[in-house]
Amino acid sequence: MIVVMKHEATQEQVDSVVERIVQMGCQPHTSLGEERSVIGIIGDVRKINREQIEMMDGVEHTLLVSKPFKLASREFHPDDTRVVVNDVTIGNQRVVVMAGPCAVESREQLMETAAAVKDAGAHILRGGAFKPRTSPYGFQGLGEEGLRLLAEAREMTGLPVVTEVMDPQMVPLVAAYADILQVGARNMQNFALLHLLGEMGRPVLLKRGLMSTIEELLMAAEYILSHGNAQVILCERGIRTFETYTRNTLDISAVPLLKQLTHLPVIVDPSHGTGKWELVEPLSRAAVAAGADGLIIEVHPHPEQALSDGAQSLKPAKFSTLINSVRSVAAAVGREL
Ligand code: PEP
Ligand code: MN
């Protein structure tokens, strides 16, 4: 259930409603919008006496949110959420580009890539230090050494860093280095991890699971939101279908759908979404045309030598071309890059 406050409602009136919801045995989540405040009620809403709430001063009306995700829904939060990371805002007019290697492999590889993506116009540096590999014999990442190198690359370029955390136990370590904590597709429903990230209050990049529906993605986001963290960025990264020419099928329709259903920013990963470097630029253009708030793209100076995901990684020069090509699409749909 949500309580929509009147435009002119005072902070005191909002506080009284919040207090009353707690007395009735539920948890209130207040969202201070530009137009009006909205209070989301989480818990067993059968305990809420709706009539009593509606009679309180400052209350415009209450409504039941029919969808299973509440705090993530547009009804609860009509304005777009903006996730701010240092001087980068994700979810406003500017399309944000995150780029870097799939995995941090060495200082030389990371610094070269970081400098190149920064030069080309990327806003955030990506790079995995802990890699969720299908095979236990595959390169698992440099671990903490990789995190240290990412922090060094941030120093050098000024770009904030996004990197994956796979396990609740590793959250404090990864959070000590990263600006955005990435939940990988394979961990989208690691509820212990989502719960903890909800309590961390650090921006989270939540990737759609390999076989997950849009509703399951939003329910995963709801875990983070309901534990107190509103800074969630959703990422469409392709889903499994019967198609074999691509690694995954990038679900472009997820972008406008998510923008309708939720206030959270939505970015697209055309690298994992296709598995083929040749498809990364056209799908980046499609993503931005469909309304994506950003892109996350794998770049490697020598893709043929990459320890993971070389086939979908762009060389720096190709990445630079991509940025220019996406910029014109952004302009065509009234955005900037
Ligand atoms: C990654 O970003 O390198 C990654 C492993 O992505 P995903 O979790 O989407 O497969
Ligand atoms: Mn990868």
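Guide: Welcome! Domain bounds here come from an automatic or database domain assignment. Please also keep in mind that this is a predicted model.

Visitor: Thanks! How many Å separate the centres of domain 1 and domain 2?
Guide: Let's begin with the division of the chain: domain 1 covers 2–63, and domain 2 covers 83–332. Taking the centres over C-alpha atoms, the separation between domain 1 and domain 2 is 36 Å.

Visitor: Which pocket does ligand 1 take up?
Guide: Let's look at the pocket itself. It holds about 230 Å³ of space, and its lining is made of 19 residues, with Pro132, Arg186, Arg247, His272 and Asp309 nearest the centre. The space taken by ligand 1 is the largest pocket.

Visitor: What percentage of the accessible area of ligand 1 does the protein cover?
Guide: Start with the contacts, which pair N or O atoms within 3.5 Å. An oxygen atom of ligand 1 is 2.8 Å from a side-chain N or O atom of Arg126; for His272 such a distance is 3.3 Å, and for Glu298 it is 3.4 Å. Of the 290 Å² of accessible area that ligand 1 has on its own, the protein covers 97%.

Definitions and conventions: Residues numbered from 1 in each chain as written. Chains lettered and ligands numbered in written order. Predicted model: local features only at pLDDT ≥ 70, side-chain atom pairs only at ≥ 80, totals over all residues. Heavy atoms only, no water. Polar contact = N/O pair within 3.5 Å; in protein donor to acceptor, adjacent residues only side chain to side chain. Areas by Shrake-Rupley, 256 points an atom, 1.4 Å probe, with all protein chains shown as cover. 1 Å grid on protein atoms, 1.4 Å probe; cavity = no way out; pocket = protein on both sides within 12 Å on 5 of 7 lines; lining within 4 Å. Sits in = over half its atoms within 2 Å of the grid points. Points joined across faces, edges and corners; volume = space filled by probe spheres on them.
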